[in-house]
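Dear colleague,

I am handing over the structure below, and I would be glad if you looked at it before reading my notes.

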Protein chains: 2
Amino acid sequence: MLLTENANPTLAKDQLSDGRRLHYYDKGENIPLAEEGVWQVYRGIAQISQICVSGEEILLGWAQPFTFFGLWLTHVESYQVKALTDLYLRWYSFSEIENTPQLSQVMLTQLARRMRQTEALLAIAGLKRVEERLQQLLALLKQELGQPVSEGTRIGVRLTHQNLANAIGTTRVTVTRLLGDFQRQGLISVDGDRHIILK
Amino acid sequence: MLLTENANPTLAKDQLSDGRRLHYYDKGENIPLAEEGVWQVYRGIAQISQICVSGEEILLGWAQPFTFFGLWLTHVESYQVKALTDLYLRWYSFSEIENTPQLSQVMLTQLARRMRQTEALLAIAGLKRVEERLQQLLALLKQELGQPVSEGTRIGVRLTHQNLANAIGTTRVTVTRLLGDFQRQGLISVDGDRHIILK
């Protein structure tokens, strides 16, 4: 059933994207945001965050392929979307979404997926113990950005200890210590490319 | 434009709800959740939260009129939706949503609204200072559940200090102290009905 599928590559590929321009952004680039439409990730991963007045970054989520993002979907000030990998995007205007029921359906399914991700991050932020927050965050990353490898599940993007610290409201030093503990306990490993692998 | 409107009462009333059964829940009741569809709030306000193993409650959001909620929209375990006021709901099955493009559009608009609310709560949870978290939470409540009154904006639902503490990861005692400060500073007042009014 359409609504309960996580993604709809066939529809996206055959019916909606014919001849549509792909916008490319380098790893590390900020994505320009505009009011009149939304972006959809075609390939790559973007990081959504808020930059506080203090310069501090609060992580709000990740946009993986098929995910929609844009100013329409946020009220947060100093909203920033950054390419975590090389990133290909497609742009959809509101009038297009309104006039294409199939596009609305795809967007509804994808928005429900992002809703679940954001709510999961909120539930994690509410946990009292930092260790539990980090464990749950890794479990969420496994589910959202995981790729099966022979040793377990590899997080498909390289996240710094500071990225992880921002996501769970702690310091980089604490994340480094806890990840060391998790490695010694055999819960995780890190590959030559510095990607985390969960057992 | 449909997508940028906060709600669509006309469509909901005339085209989608004709003869549809209203389900009533008393204030304080837990709403039963099922896999095959979603609830929409018709009248009243519900509170969405997670109950941790420790019994602790993490607030995940509020559902005001026109909001959709249900298991489809969450991955969180021990998800709980409780009537904060007397509550009237409508039930929509997935097949109905898939076969009614106008319903999908309404749902898309409403889901974007909930997405913004959840993300705003996540941004608040990431703030370092508790006082700032409480101020931002009150601003969000004003925007989401506010009713204009002569003295300012009244939060449309009575929230206990414990409710507010759960929402921002602090203790009831801290919330009581900070609200006292805010009252002395003239930022808020409390009416005879124990609803918070923001100036």
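What follows is a description of two interfaces, taken one after the other.

This is a predicted model, in which local features need pLDDT of at least 70 and side-chain atom pairs count only at pLDDT 80 or more, while totals for chains, interfaces and linings use all residues. Residues are numbered from 1 along each chain as its sequence is written, chains are lettered from A and ligands numbered from 1 in the order in which they are written, and side-chain values use heavy atoms, with hydrogens and water left out.

Within chain A, the domain assignment (its bounds come from an automatic or database assignment) gives domain 1, residues 16-126, and domain 2, residues 127-198. The C-alpha centres of these two domains of chain A lie 23 Å apart, and 17 residues of domain 1 are in contact (heavy atoms within 4.5 Å) with 17 residues of domain 2. Between them an area of about 1400 Å² is buried, 64% of it given by carbon and sulfur atoms; buried area is the accessible area, taken with a 1.4 Å probe, that two parts lose on being put together, summed over both.

Turning to the two chains, the contact takes 42 residues from chain A and 42 residues from chain B, and about 4000 Å² is buried between them, 69% of it on carbon and sulfur atoms. Across this interface the rule finds 4 salt bridges, and B:R114 forms a salt bridge with A:E119, with the closest N and O atoms 3.2 Å apart. There are also 14 residue pairs in polar contact between chain A and chain B, both residues at pLDDT 80 or more.

Methods. A salt bridge is a side-chain nitrogen of Lys or Arg within 4 Å of a carboxyl oxygen of Asp or Glu. A polar contact is a pair of N or O atoms within 3.5 Å; within protein, one must be able to donate a hydrogen and the other to accept it, and residues adjacent in sequence count only if both atoms are side-chain atoms.
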